[in-house]
Amino acid sequence: MHHPRREHFSQSTPVRTFVFVVGTRPEVIKVAPIVRRLREAEWAVVRVVTSGQQSDLLDSTLAEFDLRPDLSIRHRSNCHTPAALASQLLRRLDRYCGQVRPDCVLAQGDTTTAYAASIAAFYRKIAFVHVEAGLRTPSLDAPFPEEFHRRSIAVSTSLHCAPTSAAAQNLVRENIAREKIIVSGNTVIDSLLEVAASKPALPADFPRLRTILLTAHRRENFGEPLRDAFTAIRAFVDLTPDVAVYFPVHPNPNARETAIEILSGHPRIRLVDPLGYRDVVAAIQNAWCVVTDSGGLQEEAPALGKPVLVLRDVTERPEAVASGVVELVGTSRDQVFGALSELNKNSAKYTRMARPVFPYGDGHASKRIVEALYRQFVLPPQMRSAEIIQLHHAS
Ligand SMILES: CC(=O)N[C@H]1[C@@H](OP(=O)(O)OP(=O)(O)OC[C@H]2O[C@@H](n3ccc(=O)[nH]c3=O)[C@H](O)[C@@H]2O)O[C@H](CO)[C@@H](O)[C@@H]1O
């Protein structure tokens, strides 16, 4: 990696230790490009810790992105509540930070893992870097508990890597100093564009009809909301013979049971196990549209030119909604059925929504983040000019 300023102190470039803490599939997808780039830097020692938050999906995603954890935290006792996971993680991460003494702890997003990592770093007086900083909804408990995590993490973060200008503005509104914020883009677009460029093969069981790619597993949609949304989707498919559904079902039993109850046994609705990332990218590329409550898919599908209907009433990702390619439809039967019917009937609308837009990044977010880490943790303070960590305004 080329650092224009390295000549200033090339004799004795300090080496810094960075600990990434990840716990779920999207966190791996989103930190992998940063880890890979940072590992190429001679000034960085990189450690990866997995938290055990999502053990069923994590190992395959780690393998796909070639991330070998230095520490995999396993939990003996039941850790199915955010409180149980946070308290166990805090103890384990505190011990690890005490042993390794990193210069910086990094985590992505809004999971219990990211929240615990930020507290562990704070108690040890270690700098914390937050990737995908500044996403907000108006309500502290939606999504629950992620919105609380985001806001709490911001309080002790030393460097906020905001994916968009709007996310950076959210932080400024919370009185975060502008010098602590960079607008990096979202690293998910780095991963997405890299995989898309390698032309991933379509999963063999992907329907050869106009296909809705469906994913749904948000905690706040469990129960009636999911049941309503799935009922509407099934009714739409019944009435539209050239449309199929491809649904990689999340292993969470709350999501899985409702999916099987409402959507199984239909010749044009395919429920499949969770996909590897290459398969997801190929599925998005070949989908007619995406229906989802996932955060990541709201970011990925617009970049691949696919319309997205979001099964939520609010989103912390308003940029693609503003671009007109993502629509918030909630979960009520009428709204979900109506939105699908409209997309089907109104070809002008479909065409408007089916164009590639890049509000979440240009594929170079990890480069900007690694450069910011270099400036913050390696350059002497007098050389960290404001040019580096300035707030870019919306273009
Ligand atoms: C609404 C919300 O609060 N979402 C948060 C959630 O992500 P999010 O809601 O995106 O979590 P998901 O579990 O849906 O993961 C999405 C990612 O997994 C991929 N995928 C999906 C299905 C599949 O079978 N295989 C697969 O690889 C998708 O392409 C995407 O990249 O945790 C992230 C990590 O902290 C945060 O950034 C998000 O803000």
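Trainee: Which helix holds Leu373?
Mentor: The model is predicted. Leu373 falls within residues 365-377, and that helix is H15.

Trainee: Is Leu373 buried or exposed?
Mentor: The cut-off for buried is under 20% relative accessible area. Leu373 has 0% relative accessibility, so Leu373 counts as buried.

Trainee: How far apart in space are Leu373 and Leu38, C-alpha to C-alpha?
Mentor: Setting aside neighbours within four places in sequence, Leu373 is in contact with residues including Phe18, Leu38, Trp43 and Leu106. Val129, Leu159 and Val378 are also among them. In sequence, Leu373 and Leu38 are 335 residues apart. In space, the C-alpha to C-alpha separation is 9.1 Å.

Trainee: Which domains does the domain assignment give, and how far apart are their centres?
Mentor: Domain 1 covers 16-186 + 362-383, and domain 2 covers 204-354. Their contact takes 23 residues from domain 1 and 17 residues from domain 2. Over C-alpha atoms, the centres of domain 1 and domain 2 are separated by 29 Å.

Trainee: Which helix supplies the largest share of the shell around the ligand?
Mentor: Helix H1 (25-39), helix H10 (277-286) and helix H11 (295-303) each supply at least two residues. The largest share is five residues, and it comes from H1.

Trainee: How many residues of the shell are charged?
Mentor: There are 25 residues around the ligand; Asp110, Glu132, Gly296, Glu300 and Arg317 come nearest. The shell divides into eight nonpolar residues, seven polar ones and a charged group of 10.

Trainee: How much of the ligand's accessible area does the protein cover?
Mentor: Start with the polar atoms. A side-chain N or O atom of Gln108 is 3.0 Å from a ligand oxygen, and a polar backbone atom of Leu275 is 2.8 Å from a ligand oxygen. On its own, the ligand has 780 Å² of accessible area, and the protein covers 97%.

Trainee: What is the distance from a polar side-chain atom of Glu132 to an oxygen atom of the ligand?
Mentor: Glu132 is in the loop between S5 and H5. At 6% relative accessibility, Glu132 counts as buried. The distance from its polar side-chain atom to the ligand oxygen is 2.6 Å.

Trainee: What is the phi of Glu132?
Mentor: Most residues other than glycine have a negative phi. Glu132 is not a glycine, yet its phi is positive, at about 65°.

Trainee: Is Asn175 buried or exposed?
Mentor: Asn175 also has a positive phi of about 65° without being a glycine. It sits in the loop between helix H6 (165-173) and strand S7 (181-183). The relative accessibility of Asn175 is 71%, so it counts as exposed.

Trainee: Which residue does a cis peptide bond join to Pro143?
Mentor: Most peptide bonds are trans. Pro143 is in the loop between strand S5 (127-131) and helix H5 (146-156). Pro145 is also in the loop between S5 and H5, and the bond from Phe144 to Pro145 is cis, with omega near 0°. For Pro143, the cis bond has omega about 0° and the partner is Ala142.

Trainee: Which side chain does a polar contact join to that of Thr50?
Mentor: Thr50 lies in strand S2 (residues 44-50). It is buried, with a relative accessible area of 4%. The polar contact spans 3.3 Å, and the partner side chain is that of Ser72.

How values were computed:
Residues are numbered from 1 along each chain as its sequence is written. This is a predicted model: local features need pLDDT of at least 70, side-chain atom pairs count only at pLDDT 80 or more; totals for chains, interfaces and linings use all residues. Side-chain values use heavy atoms; hydrogens and water are left out. Helices (H or I, at least four residues) and strands (E, at least two) are DSSP runs, numbered from the N terminus. Buried means under 20% relative accessible area, exposed over 50%, partly exposed in between (1.4 Å probe, protein chains only). Contact means heavy atoms within 4.5 Å. A residue is near a molecule or strand if one of its heavy atoms lies within 4 Å of it. A polar contact is a pair of N or O atoms within 3.5 Å; within protein, one must be able to donate a hydrogen and the other to accept it, and residues adjacent in sequence count only if both atoms are side-chain atoms. Accessible areas come from the Shrake-Rupley method with a 1.4 Å probe; for residues, only the protein chains shown count as cover. Ala, Val, Leu, Ile, Met, Phe, Trp, Tyr, Cys and Pro count as nonpolar, Asp, Glu, Lys and Arg as charged, and the others, Gly among them, as polar. Domain bounds come from an automatic or database domain assignment.
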